Amino acid sequence: MSILGANPIDWAFKTECCGAGLSVSRTDLVGRLSGNILKDASDRGAEAVIVACPMCHSNLDMRRSTINRHLMEPITIPVLYVTQVLGLAIGLSAKDLGLKRHFVGVNLKEAELCQE
């Protein structure tokens, strides 16, 4: 991400699991685990979280209402898949990358990025 011009933040939850396959059967657990990840990123000033795992992308983005209920505060930082960030870096459009399909809006201004 640094090579692409981002300013990655070192953060405690970068290798924590979001709850992965429990997304359907234990949304409460996914909300807690994913909430811990996003809260730490937010507390450290991240403006986005970049993931390489499709389940992390899904859980951290799609389960945001469950996460915010668990945290009892709204966390609004977007989650992008690593290939979307690479696409932005080579000039692909937000439409081509599907950024409008995210549950949490993606603001394309310059952002500090947390890598997971």
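1. Let's start with Arg44, which is partly exposed at a relative accessible area of 41%. In this predicted model, Arg44 forms a salt bridge with Asp40, and their closest N and O atoms are 3.0 Å apart. The two ends of this pair are worth looking at separately: Arg44 is partly exposed, whereas Asp40 counts as buried, with 11% relative accessibility.

2. Side chains of opposite charge can pair when their charged atoms come close. In this structure the count comes to 5 salt bridges, and the Arg44 and Asp40 pair is one of them.

3. Next, please find Lys39. The side chain of Lys39 meets that of Asp43 in a salt bridge, with 2.9 Å from N to O. Both residues sit in helix α1, 4 residues apart, which is about one turn of the helix. Lys39 is partly exposed, its relative accessible area being 24%, while Asp43 is exposed at 52%.

4. Lys39 has another partner: Glu73, with the closest N and O atoms 3.2 Å apart in a salt bridge. Lys39 belongs to helix α1 and Glu73 to the loop between α3 (64-71) and β2 (79-81), so this pair ties together parts that are 34 residues apart in sequence. Glu73 counts as partly exposed, at 32% relative accessibility. Taken together, Lys39, Asp43 and Glu73 are linked in a network of salt bridges.

5. Now for a histidine. Is His102 buried or exposed? His102 is buried, because its relative accessible area of 10% falls under the 20% cut-off. You will find His102 in the loop between α5 (94-97) and β3 (113-115).

6. What does the side chain of His102 meet there? A polar atom of the His102 side chain lies 3.0 Å from the backbone oxygen of Val79. A polar contact of 3.0 Å also joins the side chains of His102 and Gln84. Leaving aside neighbours within four places in sequence, His102 is in contact with His57, Asp61, Val79, Leu80 and Gln84.

7. Which residues make a nonpolar surface patch of about 320 Å²? The patch is made by Ile3, Leu4 and Leu86. Ile3 lies in the segment before α1 (27-43), and at 86% relative accessibility Ile3 counts as exposed.

Technical notes:
Residues numbered from 1 in each chain as written. Predicted model: local features only at pLDDT ≥ 70, side-chain atom pairs only at ≥ 80, totals over all residues. Heavy atoms only, no water. Patch = residues over 30% accessible without salt bridge, like charges linked within 9 Å, V, L, I, M, F, W, Y side chains within 5 Å. Areas by Shrake-Rupley, 256 points an atom, 1.4 Å probe, with all protein chains shown as cover. Salt bridge = Lys/Arg side-chain N within 4 Å of Asp/Glu carboxyl O. Helix = DSSP H or I, 4+ residues; strand = E, 2+ residues; numbered from the N terminus. Buried < 20%, exposed > 50% of the residue type's maximum accessible area, 1.4 Å probe, protein only. Polar contact = N/O pair within 3.5 Å; in protein donor to acceptor, adjacent residues only side chain to side chain. Contact = heavy atoms within 4.5 Å.
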